[in-house]
Amino acid sequence: MDLLDTYVPLLANSFLGQEPFFVFMMIQFMRSIPRDLDEAAIVDGCSSFGVLWRVLIPSLKPALISCVIFQFVWSFSDFLGPLIYITSQDKFPVSLALRLNVDPSTNTPWNQVFAMSVISLLPAIILFFSAQKYFVEGVTSSGIKG
């Protein structure tokens, strides 16, 4: 299929629901949403799509954002997947590039390795702190706002 040495195998797993943890997390979160909200929307005249769009999706926003944060951090720090699928060094992600910079046979410039490590963590840290409110809400909410 000519997919080796491309990013497609790495992204396809993430987009095609490879992580069963997220399915479990979303189901458990949906179980915490009371059926009274669905029934109230139906009494108000919503169709089944309207219940999904106007009741469930806004209630699921914290759980969806939690899934996005988890998936980003897990994909960002993946080491084995890129090692299997990517062969050219110019396409290596940050985790493999950092590993290539550490050579046990020579004197490793640890100050540069640590500086690159801190810089490579910045996207994950920025994403987490920008969505921290929703992440904490997704972990602690019960579905009823009041």
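What follows is a short chat about a predicted model.

Visitor: What kind of model is this, and where does residue numbering start?
Guide: It is a predicted model, in which local features need pLDDT of at least 70, side-chain atom pairs count only at pLDDT 80 or more, and totals for chains, interfaces and linings use all residues. Residues are numbered from 1 along each chain as its sequence is written, and side-chain values use heavy atoms, with hydrogens and water left out.

Visitor: Which residues make up the largest nonpolar core?
Guide: Phe 22, Met 25, Met 26, Phe 29, Ile 33, Leu 56, Leu 60, Ala 63 and Cys 67, 9 residues. A nonpolar core here is a set of buried Ala, Val, Leu, Ile, Met, Phe, Trp, Tyr and Cys residues joined through side-chain atoms within 4.5 Å.

Visitor: Which helices each supply at least two residues of that core?
Guide: Helix H2 (20-31) and helix H4 (48-76). Helices are DSSP runs of H or I with at least four residues, numbered from the N terminus.

Visitor: What lines the largest pocket?
Guide: The lining has 22 residues, and those nearest the centre are Leu 10, Leu 11, Ser 14, Ser 75 and Asp 78. H1, H4, helix H5 (80-85) and helix H6 (94-101) are the elements giving two or more residues to this lining. H1 gives the most, with 6 residues.

Visitor: Leu 11 again: which nonpolar surface patch is it in?
Guide: Leu 11 makes a patch of about 510 Å² together with Tyr 7, Phe 15 and Leu 16. Patch residues have over 30% relative accessible area and no salt bridge, with nonpolar side chains (Val, Leu, Ile, Met, Phe, Trp, Tyr) joined within 5 Å and like charges within 9 Å. A salt bridge is a side-chain nitrogen of Lys or Arg within 4 Å of a carboxyl oxygen of Asp or Glu. Areas come from the Shrake-Rupley method with a 1.4 Å probe, and for residues only the protein chains shown count as cover.

Visitor: Where is Tyr 7, and why does it count as partly exposed?
Guide: Tyr 7 sits in the segment before helix H1 (8-15). It counts as partly exposed because its relative accessibility is 42%; buried means under 20%, exposed over 50%, and partly exposed in between.

Visitor: Which residues in that segment have a positive phi?
Guide: Among them are Asp 2, at about 60°, and Asp 5, near 65°. Both are placed in the segment before H1. Most residues other than glycine have a negative phi.

Visitor: Is Asp 2 buried or exposed?
Guide: Exposed, because its relative accessibility is 73%.

Visitor: Last topic, distances. How far apart are Glu 39 and Val 51?
Guide: They are 8.9 Å apart, C-alpha to C-alpha, and 12 residues apart in sequence. Glu 39 is in helix H3 (residues 35-43).

Terms used. Buried means under 20% relative accessible area, exposed over 50%, partly exposed in between (1.4 Å probe, protein chains only). On a 1 Å grid over the protein atoms alone, a cavity is a set of points where a 1.4 Å probe fits but cannot get out, and a pocket is an open set with protein on both sides within 12 Å along at least five of seven lines; lining residues have an atom within 4 Å of a point.
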